[in-house]
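Please view the sequence and the model first.

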Amino acid sequence: MTRKDNKVALVTGGAGFIGSNLCSHLIEDGAHVICLDNFRTGRAENVRSLEKEPAFELVEHDVVDDLPRSLTNGSAKLTHIYHLA
């Protein structure tokens, strides 16, 4: 998960149209991206091409629930949060 600029971005609603394009742009810009989506309105097809990227993580989760432990235990070290959910 180490990138040269250590940018780690959380994108909630990342499987939506805008969110998926943001995820793509952030990866192209050198960020590690964690995409959080519950797929109620977002679509898995929007991020399918990103799943092969080592700098991309997809987490199926609803933002109304507590964040997964993997995001709150300090190992993720988020530097940017884009809340589109």
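How many salt bridges does a search of the whole structure find? The search finds four. A salt bridge here is a side-chain nitrogen of Lys or Arg within 4 Å of a carboxyl oxygen of Asp or Glu. Side chains of opposite charge can pair when their charged atoms come close.

This is a predicted model, in which local features need pLDDT of at least 70 and side-chain atom pairs count only at pLDDT 80 or more, while totals for chains, interfaces and linings use all residues. Residues are numbered from 1 along each chain as its sequence is written, and side-chain values use heavy atoms, with hydrogens and water left out.

**Salt bridges**

| Pair | Closest N and O atoms |
|---|---|
| Lysine 7 and aspartate 29 | 3.0 Å |
| Aspartate 62 and arginine 40 | 2.7 Å |

Take lysine 7 and aspartate 29, which form a salt bridge. This pair links distant parts of the chain, 22 residues apart. Lysine 7 sits in the segment before strand 1 (8–12). Aspartate 29 sits in the loop between helix 1 (17–28) and strand 2 (32–37). Helices (H or I, at least four residues) and strands (E, at least two) are DSSP runs, numbered from the N terminus.

Is lysine 7 buried or exposed? Lysine 7 is buried, at 15% relative accessible area. Aspartate 29 is partly exposed, at 43%. Buried means under 20% relative accessible area, exposed means over 50%, and partly exposed lies in between (1.4 Å probe, protein chains only).

Next come aspartate 62 and arginine 40, also joined by a salt bridge. Aspartate 62 lies in the loop between strand 3 (56–60) and helix 3 (69–72), and arginine 40 in the loop between strand 2 and helix 2 (44–47), so the pair ties together parts 22 residues apart in sequence. Aspartate 62 is buried, with a relative accessible area of 12%. Arginine 40 is exposed, at 66%.

Arginine 43 and glutamate 45 belong to a salt-bridge network that includes Arg48. Arginine 43 is partly exposed at 48%. Glutamate 45 is partly exposed at 47%.

**A nonpolar patch**

Which residues form a nonpolar patch on the surface? They are Phe17, Ile18 and Leu84, with about 360 Å² of accessible area together. Patch residues have over 30% relative accessible area and no salt bridge; like charges are joined within 9 Å, and nonpolar side chains (Val, Leu, Ile, Met, Phe, Trp, Tyr) within 5 Å. Accessible areas come from the Shrake-Rupley method with a 1.4 Å probe; for residues, only the protein chains shown count as cover. Leucine 84 lies in the segment after strand 4 (80–83). Leucine 84 is partly exposed, at 41% relative accessibility.
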